[in-house]
Every structure is written in C-alpha cells, then in structure tokens.
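Subject: Model for your review

Hi,

Here is the model to look over. Please open it alongside the notes below.

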Amino acid sequence: PRPCACCTRAGANLTHETNTMSEAVFTFDADAHVYRLNGAALPSVTSVIRAVVPSWEVGDYFLQRGRATHYGCHLLDAGTLDHDTVAEEIRPRIAAWAKFRADFPAEIVASEMPYAHKMFRYAGTLDRLLKDQHGDLLVADLKNSISPHVIPQLGAYSLLWTANHPTQKLRKAVAVELRDNGTYACQWLTAPELRRAEQTFLAMLTVYGFIQQHNLLKESTNGR
C-alpha cells in the first residue's frame, strides 16, 4: 500500500525542540528522530520496549500512517488543520480523535512534547498532556491500535513528565485507539496502575542496558 498523503511532512514543524534541564542541554531532531542530552544520543521509549519485546514492530506503511495521524490530530487541536489536505485513510482517525475530545473535554497542556530523563538516560515524546475537569493532569497517547505494550509506554511518559515537572505528578493516563471507522477505544490507567507501569518500564530499561552492554541490540529506525 502507498504511504499516507496526509501531512507528508509529519513532524516537520516539531523539529529542533530544545530544553535546558539543570544545565543539561536536551535536543530533539524530529526528522532524524534522534534525542540527545549534552550531545549524547538517548534511546527512545519505544526503542527500549522493542529491544525487550522484539515482536513489537510495525511496517513502514503503518509507521507513516501513524505519523500522519499524529500530525493531523496535532493540527486539529491547534485549529490549523486544512481538512482538504487530509488523505482518505487518515480522515476517520482524525474524526475519532475529535470525538474523544468532545466526549472527554480537557485542556491541552502540552502537545507532541519531547522530554529527556536526566537520571535514567532515555527520552520520548508525549502525544498529549491534558488537564481534566477536576484539575487532574494525565498523559494521553494516540494509537492506531492498542496492545499491552502501551502500559509500560504510558509509565515511561509519566516518569518523563514527573522528572521535568517534579511538583506535578500524574494521577492517570489513557491510550486512545483511533479507528478507521471514525470511532475510538480507550485503555485507562489509574494512579496505582500508572505507578506499576512506571516500574515495569524501569525494569525494561534495566534489561535494555544489559542488551546494549553486550551488543545484542537490534537496530530499528522508528520510535517515539
């Protein structure tokens, strides 16, 4: 199948995000998808999970479709999406995100925001950081399909947020599956589940370190 036409430069406007964290310089090259802390490359959240659970891999078409969906939803939330430019295979997934936003009204605190964890030496991009009607902060991850791998992934993003905003610990998280029929499904994590998800990811990160140390790492070009 052909790559998605929608937003063929998905992520182009998100290139070269830079943060300063306690005198450490963090940069993210969205085109190359490389995170660096003081010039040293960091593994992404998904590359860590893929190294430990190798079956979690997607083909190029689905990778490009996911990136186009993410970028289209980003433009939708920013109010700058030109619907006439959206490919047919992307339209229902963006419509599904719009339906979730309508069903779950929340303030967008951050969108497509890259972060690094200075202590644990990994990085990732949070799809959305939301504040619900109760004032609680939660991380939301947009998915073309939901699998068990999303649990440690949400835990990793929670750790990233807390490391960079120590006084704003997340109390919940959600993965939102955007379907090709315009509907969505959710997997929610409560605060206790999110804490366990954080510990699961840290265990994976330990195994990843072992794999990397012994040159057992399988190279991959995609990840967040």
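The notes below cover the sheet first, then the helices.

This is a predicted model, in which local features need pLDDT of at least 70, side-chain atom pairs count only at pLDDT 80 or more, and totals for chains, interfaces and linings use all residues. Numbering starts from 1 along each chain as its sequence is written, and side-chain values use heavy atoms, without hydrogens and water.

**Sheet**

Five strands form an open sheet in the order S5-S6-S7-S8-S9, with mixed pairing. Helices (H or I, at least four residues) and strands (E, at least two) are DSSP runs, numbered from the N terminus. Two strands pair if DSSP finds at least two bridges between them. S5 (107-117) and S9 (184-189) are the edge strands; each has a single partner strand, so one side of each lacks a neighbour in the sheet. On average, neighbouring strands are turned by 30° against each other, direction ignored. Axes are lines fitted to C-alpha atoms, for helices over the stretch in contact; angles run from 0 to 180 degrees between N-to-C directions.

S6 (122-131) and S7 (137-143) run antiparallel, joined by four bridges. Lysine 131 has leucine 137 in S7 as its bridge partner.

**Helices**

H2 (60-78) lies across S5, S6, S7 and S8 (172-178). H2 runs at about 40° to S6. Contact means heavy atoms within 4.5 Å.

The axes of H1 (45-52) and H4 (150-164) come within 10 Å and cross at roughly 140°. Val45, Thr46 and Ile49 of H1 meet Pro152, Gln153, Ala156, Tyr157 and Leu160 of H4 in the contact.

Best wishes
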